[in-house]
Amino acid sequence: MAVGLLVGTVAWSMPFATGTAVLLPARVEDIAPDHKVTLLAVLTAAAALVGLTANIVVGALSDRTRSRLGARTPWIVGGGLATALFMSLLAAADTFWTLLGWWCLTVIGLNAMTAPLNAIVPDRVPVARRATVSALVGVGILLGNALGAVIGAVFLDSPGTGLVVTGIASIVLAALAVCVAPDLSSANIRPAPRPTAGHLLRSVSFPKGAPDFHWALWGRLLLVLGYFMINSYQLYILTDHVGLSKKRAAAALGINSVFFLATAIAGSVVSGPLSDRTGRRKPFVIGASLLALLAIALPLVRATPAGMTGFSCVGGLAFGCYYAVDAALMADVLPDQAARGKDLGILNVANTGGQALAPAASSALVGLGMGYSPAFVGAMAACALGAILIVPIRKVH
C-alpha cells in the first residue's frame, strides 16, 4: 500500500510541478513578457481557488462513493484521465485566457487524485505507523516536484510537448498506483442517504469546536505560502534577481531540483520513522518550518547561483522533514473519522490556498520597486508564523 501511495502521489505532484515551476511561467513570459509577474500571480491564484473547491468537494464525494473498486479508486483514475486530457489541450493554448482556462480544468483533475489519496492514510494505516507511511507520501511529493522541474527544464524550449508528456505520465502512474495498492470494495457498505442541497453544503463545511484542526490548517497554510512565494518565482528570480540567461536558468533549475530531491529524501527517511518511534509530531513540523525560513534567507543574503542552490538544498531538507510528519499530524487532528476525505480535503486547502496566495503576495512585494528582497523577507515571516501556530496544538505532541 505504501508503494502505491508513493506512486499515486508522484502522479499528481509531477504534473503540478512541471506546470507551476517551469512551463507555465515560461509560457506566460512568451505571451506577455512585460506583465509576466502579475499574470503568473493571476493564473496561479485563480487555479488554486478552483483547486481548493475541487479538493473539498471530491473529498466529500469520495467518502460517499460505493463501488467494487473501493471509495477512492474511481476518483484517482478519473482524475488522472482528466489531467492527461486537459494538459494536452493546455499545450495548444496561445493566449493568456485559454492558458488560464485549461490550467484551471487541469487543476480539477489533479485535485480529483489528491483528495482521495490523502484519505488513504487515515483509512488504512494504524496510528503507530502513520509517520512512516507519511514519509513515503512525502518522498512521492518531493520526487514528483523534482521530476516535474527536470521535465520542465528539458522541455523549456518546447513547453507544449512537455505538458503532453507529463499528462500521459500522470494517467499511467495513477493507474499503476491503484493496481499496486487496490482499495477494499465499498459496494456492500450501507449507502449514504441521497444528499439534499443543504446536506451537501454541510458536508463541505469547516468543522466546529476543533481548535487543533484549525491550528494545523493555518500553520500549514503559512509554511506553504512562505516557501512558494520564492519557489513559484524561481525562474524569474534566477533571471531577474541573480542575472542568469534563460538557458542558464533552466539548467540551474534542473540541477537544483536534483539537490532538492536528495536532501528531501534524506530528511524524510530519518524524520518519519523517528517521529513514530518517539510518538512526537510537533517538534518535527516546527523545525521544518524554521529550516524553510533559513532556506529562503540564503538567496536573500547571496543573490548568486550558489544562493539558489542553497535554497534548494536546505529547502529540500525542510520539506523532507515536513512532509514525512505533516500528513501524520493532519490525520491525528481529524475531528470526525466518518468524514476523513472531506476534512483532509479542507486541510489540503492549506496547500492550494498557500500556493494561490503566494504569487499574489510576491507580486505585490516585488511591485514595491525594490526588487525581490521584500518578497524574501515576507516569505521568511510567513514561515516563522507558521511554526508558531503549531505550538498550541494539544491533541498531538
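Reader: Which side chain meets Lys-36 in a salt bridge?
Author: Glu-29, at 3.1 Å, N to O. A salt bridge here is a side-chain nitrogen of Lys or Arg within 4 Å of a carboxyl oxygen of Asp or Glu. This is a predicted model, where local features need pLDDT of at least 70, side-chain atom pairs count only at pLDDT 80 or more, and totals for chains, interfaces and linings use all residues. Residues are numbered from 1 along each chain as its sequence is written, and side-chain values use heavy atoms, leaving out hydrogens and water.
Reader: Are Lys-36 and Glu-29 buried or exposed?
Author: Both are buried. Buried means under 20% relative accessible area, exposed over 50%, and partly exposed in between (1.4 Å probe, protein chains only).
Reader: How many salt bridges does the structure hold?
Author: Five. One of them joins Lys-246 to Asp-30, with the closest N and O atoms 3.5 Å apart. Lys-246 lies in helix α10 (residues 246–278) and Asp-30 in helix α1, so this pair ties together parts 216 residues apart in sequence. Helices are DSSP runs (H or I, at least four residues), numbered from the N terminus.
Reader: What else does Asp-30 meet in a salt bridge?
Author: Arg-27, at 3.8 Å, N to O. They sit three residues apart in helix α1 (residues 2–31), about one helical turn. Arg-27 is buried at 16%, while Asp-30 is partly exposed at 44%.
Reader: New topic. How many disulfides are there?
Author: Zero in the whole structure. A disulfide would be a pair of cysteine sulfur atoms within 2.5 Å. Cys-179 is exposed at 62% relative accessible area.

Terms used. Helices (H or I, at least four residues) and strands (E, at least two) are DSSP runs, numbered from the N terminus.
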